[in-house]
Amino acid sequence: MLTYQKFVKNLALYYLFGSFIAVIGVGVVLIPTTLALEPRDLLPLAIIVFSSILCMMGVEWFFFKRHAKPIKNVCMAEAPSYEELKTAYYQAHQFPKLTGYRILGPHLFGLSIPAVILTIFFIRIELVHIPYAYILYGIVCAVLIAGMHAMIEYYHTSTAIIPILEHIQKKSNHLYQKKLTLEGKKIISLKTKFQLSALLFGAFPLLLFSLATQMRLSQGEALLIEVYWVWSLLVLLVGCGLSLYGARLLFSIVAEPLNHLHDKMKKVQEGNFDVRAAEYYSDEFSQTINGFNHMVKGLKTREVINNQLYESFFETLATTLDARDSYTAGHSVRVAEYAVEIGKKAGLTKEQLQTLRKTGLLHDIGKIGVPDDVLLKDGRLTEEEFKAIQLHPVLGEEILRTIQPADLMEKLIPGVRSHHERIDGGGYPDRLMGDQIPLFGKILAVADAFDAMTSDRPYRLGMSQKKALQILKEGSGTQWDPQFVKYFIEWCNENNQANHEHKEKPAAML
């Protein structure tokens, strides 16, 4: 209801402003500077104008209520039907055109017909003493005023309907999860807008000046050349001023949707495929925006498919790697999951967590290049064999650098290369220490070590979670980053508590 009240209030303000601009622009120029009126005629003429305005307002209000009824019904109803929403949405798009029609129809004739009848009647009974030619001048003035006012109101109403369109769209989304759209339909084309605007704004100063000159000449006045030029300049300045204002409104009707589209395109360029351009427009921009939204929807679908393929690629590589050793099956997936939980505790962004997960899945990809007799050896490794194992982070980097597109792999390389580095500098392959170790390398080192300690091997059984966490705590600050060890222990405790509470629930509650 508040949205509709604000809509009506804005329309009333725009109406008064447009009336003021058009009436003052024509009336003030023509009547005081051109017409020779006797003081005794001013009151009767004021009565005629006032009565005609009341008649005009009554007729125009009747048509306004008819035009606004579908919109008002939807705004006031808590749960309008989808068909009512569709009707109101289309009517809102029609409203600028209907406003122009009201001003050129009920507004113009509701004012001019009563004014002509009353003026003729007052002349006949000698309450007004003006030539009948003035009535013709008045009709021409009314047409000029109505034309300028209709054009101004059309552009202002195009702005006023935007909150209404948003409100109706939100109701449709909320009640029926459906998006309302014109589907590219045009109500008034840009060509028509430009042609009518150019005709009116271009011809208006000439028509105004011609009418004023004719009115002067019809009175047989002899003007001094200085007075004539001052008067002519005033008429032309007012006419040109109104034309420039109209041209500014015409420019805004083109610039606004272009700016809106440009803003949405920037977001698409930044990788946001959930963005949609609002369908506030009912000309050629309706087709453009509809096409833009279909394009972005297609890009979103393609991105989802690409991400699925991308994720499948990582999962497949990780599964292929783990399949080499049945005793470490699932190791890469578990390390990735542990790393993500640590990353969440560390406050990493959604994008960082996605990259961390992919890095975790491929952290041991370099082991593909380690011979089976070394990788799958049951007993203790020789020094030479251990050196071969220590090469897998470097081999992992080399493998990732061969995969295209390179920019997607580049973000994974630091974590893959450095997940066996130690805080005290005793790790490999680069013997980095402290803050020299990349963020993902520190996180993966904790996750990888925990899963390695708790997993079964041919030559030993995996240790308990409690013992593995104790070893992590003891190595905190020397082998592993203390903050990430802390985060991982916190997560394990929370996870154990949640699992314990779940088991204790009665069967009826599960």
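**Stop 1: a glycine in a helix**

Select G147, which is found in helix α4 (residues 133-176). The model is a predicted one, in which local features need pLDDT of at least 70 and side-chain atom pairs count only at pLDDT 80 or more, while totals for chains, interfaces and linings use all residues. Residues are numbered from 1 along each chain as its sequence is written, and side-chain values use heavy atoms, with hydrogens and water left out. Helices here are DSSP runs of H or I with at least four residues, strands are runs of E with at least two, and both are numbered from the N terminus.

G147 counts as buried because its relative accessibility is 15%. Buried means under 20% relative accessible area, exposed means over 50%, and partly exposed is in between, with a 1.4 Å probe and protein chains only. Leaving aside neighbours within four places in sequence, G147 is in contact (heavy atoms within 4.5 Å) with L104 and L200.

**Stop 2: the whole chain**

Zoom out and colour by secondary structure: the protein has 17 helices and 0 strands. Of its 510 residues, 43% count as buried. Among contacts with a separation of 6 or more, 73% are between residues 24 or more positions apart. The protein exposes about 27,600 Å², of which carbon and sulfur atoms supply 63%; the areas come from the Shrake-Rupley method with a 1.4 Å probe, and for residues only the protein chains shown count as cover.

**Stop 3: aromatic rings**

Show the side chains of Phe, Tyr and Trp. Rings of these residues (for Trp, the six-membered ring) pair if their centres lie within 6.5 Å; planes under 30 degrees apart count as stacked, over 60 as edge-to-face and the rest as tilted. By this rule there are 16 aromatic pairs. Select F62 and F63: their ring centres are 5.4 Å apart and their planes are at 85°, so this pair is edge-to-face. F62 counts as partly exposed because its relative accessibility is 46%, and F63 is partly exposed at 28%.

Next select F121 and F122, a tilted pair with 6.0 Å from centre to centre and 55° between the planes. F121 is partly exposed at 46% relative accessibility, whereas F122 is buried at 12%. Then select Y4, F7, W61, F64 and F95, which form one aromatic cluster.

For a charge over a ring, select K178 and Y82. K178 lies over the face of Y82, at 4.5 Å from the ring centre; the rule asks for NZ of Lys or CZ of Arg within 6 Å of the ring centre and within 35 degrees of the ring normal.

**Stop 4: helix α12 and its cover**

Which residues of helix α12 (residues 392-401) are buried? They are H392, P393, G396, E397 and L400. These residues are on the same side of α12 because they cover an arc of only 145° around the axis, the arc being that of the directions from the helix axis to the C-beta atoms. The cover over the buried residues of α12 includes α11 (383-390), α13 (406-410) and α14 (413-418).

In α11, select E385. Beyond neighbours within four places in sequence, E385 is in contact with V374, K377 and R380.

**Stop 5: a threonine in α9**

Select T359 in helix α9 (residues 350-361). T359 is buried, with a relative accessible area of 0%. Apart from neighbours within four places in sequence, T359 is in contact with K411, L412, G415, V416, F440 and L444.

**Stop 6: backbone geometry in the loops**

Go to the loop between α14 and α15 (439-454), where P429 is found. A cis peptide bond joins Y428 and P429, with omega about 10°. R431 is in the loop between α14 and α15 too, and its phi is near 50°, a positive value in a residue other than glycine. R431 is exposed, with a relative accessible area of 57%.

Finish at E126, in the loop between α3 (82-124) and α4. E126 is not a glycine, yet has a positive phi of about 65°. E126 counts as exposed at 59% relative accessibility.
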